[in-house]
Amino acid sequence: MSTCYLNGEFMPLKDAKVSVMDRAFMFGDAVYEVIPVKHGKIFAAEEHIARLERSLSAIELENPHRTPEWNALLEKILVANEKNQRSIYVQVTRGAAERDHVLQTDVRPTVLIMSQTGPEYRDLTRVNAITSQDIRWTRCDIKSTSLLANVLLRNQAKAANAYDAILLREDSVTEGASTNVFVVNDGRVRTPPLSNLLLPGVTRGLLIEVLVEAGIFIEEMKISHADLKQADEIWLASSTRDLLSVALLDNDTVGKNGRYPLALEAYTHFRTYVAKCQAN
Ligand code: PDD
């Protein structure tokens, strides 16, 4: 039985209840984090907690915990749950109140922390992707639980036998519906620059650092639809999947002769980095 944390108490997940008046239920008025567990330990907690702080600040919600408290809560959830944990999910909502768009004072935020199970992938996986119009709002830098557009896009991808949808705003790639995107053209690795139109992915940030350290330079610049279509390689990055290599984009083979050497190299560097962090 999975143990979660809700508003100051640890309890079986099946017993965790929140009010139907919670603003997350009414308005999607909440932010979240998915913090991966790698080699049985929490990975990159500092980066995820820092992003949670930025998301909370962007929606003008006071952070209910200081960093050491967050770390202790995450650790307790890790210990309370069995093996095979893939990630720890954290959600902070603006709390339960009378239904009104306008914020009321004296509302206590709801804090939920739970464990999510699943395998830890230890090989580079190849997936398919589709392209789609980015139908989301223009504050995609906030990790908000208002994910209706992402849900529709992921399902559109699933219906096309693909893992994710690579999103285009006007003619530029923003990100995937649940991943950040990297594109290789003639040996140049590029990823869209951070802006309000994409999530500052923790994996994206770490991958850039690790690869630059390994001598693989990443250019943070615009990627057009044509660049994407002509790419030699396309990578998708996220906390639970590290790096994925795209085999088919909109049913067309990506790259030449189905080869993806830089993805293999990048994946090896990243997993070596993960192993080093987790060994301490
Ligand atoms: N998704 N972009 C979007 C829209 C995402 O939802 C995610 C992660 C990422 C990758 O970010 P990170 O490397 O920090 O995981 C990029 C998570 C896993 C989710 O919603 O479940």
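Biologist: How many positive and negative side chains does the chain have, and how far apart do the centres of the two sets lie?

Modeller: In this predicted model, the chain carries 32 positive and 36 negative side chains. The centres of the two sets are 4 Å apart.

Biologist: What makes the chain as compact as a globular protein of its length?

Modeller: There are seven helices and 15 strands in the chain. Its radius of gyration is 19 Å, and the globule rule gives 19 Å for 280 residues, so the chain is as compact as a globular protein of that length. Along the principal axes, the C-alpha atoms fill a box of roughly 60 × 45 × 30 Å.

Biologist: What share of the residues is buried, and what share of the contacts joins residues at least 24 apart?

Modeller: Buried residues account for 51% of the 280 residues. Of the contacts between residues at least 6 apart in sequence, 72% join residues at least 24 apart. The chain exposes about 13900 Å², of which carbon and sulfur atoms supply 52%.

Biologist: Why is the pair of F43 and F270 called edge-to-face?

Modeller: The count comes to six aromatic pairs. One of them is formed by F43 and F270, with 6.4 Å from centre to centre and 80° between the planes.

Biologist: Why is A44 called buried?

Modeller: A44 has a relative accessibility of 14%. Buried means under 20%, so A44 counts as buried. A44 is located in the loop between strand 4 and helix 2, and has a positive phi of about 55° although it is not a glycine.

Biologist: E60 also has a positive phi; why is E60 called exposed?

Modeller: The relative accessible area of E60 is 69%. Exposed means over 50%, so E60 is exposed. E60 occurs in the loop between helix 2 and helix 3 (67-80), and its phi is about 55° although E60 is not a glycine.

Biologist: What makes A58 partly exposed?

Modeller: A58 has a relative accessibility of 33%. A58 is placed in helix 2. The C-alpha atoms of A58 and A45, which are 13 residues apart along the chain, are separated by 20 Å. Leaving aside neighbours within four places in sequence, A58 is in contact with R139 and I142.

Biologist: Why is Q133 called partly exposed, and which residues does Q133 touch?

Modeller: Q133 has a relative accessible area of 48%. Exposed would require over 50% and buried under 20%, so Q133 is partly exposed. Q133 is in strand 7 (residues 125-133). Not counting residues up to four places away in sequence, Q133 touches L153, L167, L168 and E170. Q133 and R188 are 55 residues apart in sequence and, C-alpha to C-alpha, 25 Å apart in space.

How values were computed. Residues are numbered from 1 along each chain as its sequence is written. This is a predicted model: local features need pLDDT of at least 70, side-chain atom pairs count only at pLDDT 80 or more; totals for chains, interfaces and linings use all residues. Side-chain values use heavy atoms; hydrogens and water are left out. Helices (H or I, at least four residues) and strands (E, at least two) are DSSP runs, numbered from the N terminus. The radius of gyration is taken over C-alpha atoms; the globule rule is 2.2 Å times the number of residues to the power 0.38. Buried means under 20% relative accessible area, exposed over 50%, partly exposed in between (1.4 Å probe, protein chains only). Contact means heavy atoms within 4.5 Å. Accessible areas come from the Shrake-Rupley method with a 1.4 Å probe; for residues, only the protein chains shown count as cover. Lys and Arg count as positive and Asp and Glu as negative; His and the chain ends are not counted. The place of a charge is taken as NZ of Lys, CZ of Arg, CG of Asp or CD of Glu. Rings of Phe, Tyr and Trp (its six-membered ring) pair if their centres lie within 6.5 Å; planes under 30 degrees apart count as stacked, over 60 as edge-to-face and the rest as tilted.
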